[in-house]
Amino acid sequence: MLIINAKLPTKNLKIAKTLSQLIQGFIYRHLPASEHVGYRHEASGKIFKRTNFDFRLKGANLRIRFTSYEPEFEKIIALAVLKDGLNLGELCLCDTTVAVSEHRTTQSEAVLQGCVACAVSGLLGHKIYLQPQDSRHLEMMKTNALQRFETLSGRKYGGEFELNLLRQYLEKPLYFYYGNNQTPAKAWSAVWDIKAEPELINTVLDAGVGGGCMNCGAGFLETI
């Protein structure tokens with residue numbers, strides 16, 4: 001996992017509202033065009049990406065965490081920041097540092113934390129975002145993780161896979177826009193226990209899980 005710390009020239013609430021798109025733009029600018037397009041799952045038709053990120057802004061201090069199913073992409077982004085600095089649109093950040101932290105696992109069980117977006121269609125056609133404590137959310141997470149693995153690895157998964165919700169945090173859900181959605185997507189922070197082959201767990205850690213990955217930290221999970 002790549003960790004980038006930088007400082008905005010000034011505290012700017014208008015910039016803060018567009019940071020997700022600016023960070024996306026920076027990442028995609030340095031990666032092959034195919035990463036922006038994504039990869040389609042043969043059966044479901046869903047598009048999956050091989051990268052994911054989250055960010056935290058406190059005052060003028062910005063932290064970005066970037067992960068990739070393709071480790072070389074983490075090196076590409078790190079070198080881009082070290083060479084030219086962190087430029088988000090017309091905004092040039094200062095006091096930039098780059099660090100690497102190991103986030104993958106060799107174990108067949110892990111405890112994961114993050115915000116995962118899963119939605120169903122309501123009666124009027126609008127998406128209804130499920131809380132992690134909804135059993136449908138758990139099943140959708142499992143299906144999404146398997147389809148993401150199949151798409152990115154090019155093969156079926158045949159090992160053990162068990163996913164259980166340990167707890168959910170109800171306060172301050174993550175709101176974000178992605179795609180052509182006119183209403184914000186929503187995800188609640190939660191903690192899960194996962195038992196699976198390390199390659200499946202690492203796919204989730206590298207590329208995220210659920211909807212809206214590569215947006216504001218949706219689907220970005222870490223081990224705790």
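This is a predicted model: local features need pLDDT of at least 70, side-chain atom pairs count only at pLDDT 80 or more; totals for chains, interfaces and linings use all residues.
Q: What is a salt bridge, and which residue pairs with Arg104?

A: A salt bridge is a side-chain nitrogen of Lys or Arg within 4 Å of a carboxyl oxygen of Asp or Glu. Arg104 forms one with Glu74, and the closest N and O atoms are 3.3 Å apart. Glu74 sits in helix α3 and Arg104 in the loop between β8 (94-100) and β9 (109-115), so this pair ties together parts 30 residues apart in sequence. Helices (H or I, at least four residues) and strands (E, at least two) are DSSP runs, numbered from the N terminus. Glu74 counts as buried, at 9% relative accessibility.

Q: How many salt bridges are there by this rule?

A: The count comes to 8. One of them joins Arg50 and Glu35, with the closest N and O atoms 2.6 Å apart. Arg50 is in the loop between β3 (47-48) and β4 (51-58), and Glu35 is in helix α2 (residues 33-37), so the bridge links parts 15 residues apart in sequence. Arg50 is buried at 18%. Glu35 is buried too, at 1%.

Q: Which residue meets Arg155 in a salt bridge?

A: Glu199 does, at 2.5 Å, N to O. Arg155 lies in the loop between α4 (135-153) and β12 (161-168), and Glu199 in helix α5, so the pair ties together parts 44 residues apart in sequence. Salt bridges that share partners also join Asp54, Arg65 and Glu222 into one network.

Q: How do I read the two sides of a helix?

A: Start with the turn. An α-helix has 3.6 residues a turn, so residues three or four places apart point the same way. Now take α3. Its buried residues are Phe73, Glu74, Ile77, Ala78, Ala80 and Val81. They cover an arc of only 160 degrees around the axis, which puts them on the same side of α3. That arc is taken from the directions from the helix axis to the C-beta atoms. On the other side, Lys75, Leu79, Leu82 and Lys83 are exposed.

Q: What comes just after α3?

A: Gly85 does, with a positive phi of about 85 degrees.

Q: What is a nonpolar core, and how many residues has the largest?

A: In soluble globular proteins, nonpolar side chains tend to be buried together. A core here is a set of buried Ala, Val, Leu, Ile, Met, Phe, Trp, Tyr and Cys residues joined through side-chain atoms within 4.5 Å. The largest has 26 residues, and Ile27, Phe66, Ile77, Leu86, Leu88 and Leu93 have the most contacts inside it. The elements giving two or more residues to this core are β1 (2-7), α1 (13-30), β5 (61-68) and α3 (71-84). α1 gives the most, with 6 residues. Apart from this core lies another, of 21 residues, among them Val116, Phe161, Trp192 and Leu221.

Key
Residues are numbered from 1 along each chain as its sequence is written. Side-chain values use heavy atoms; hydrogens and water are left out. Buried means under 20% relative accessible area, exposed over 50%, partly exposed in between (1.4 Å probe, protein chains only).
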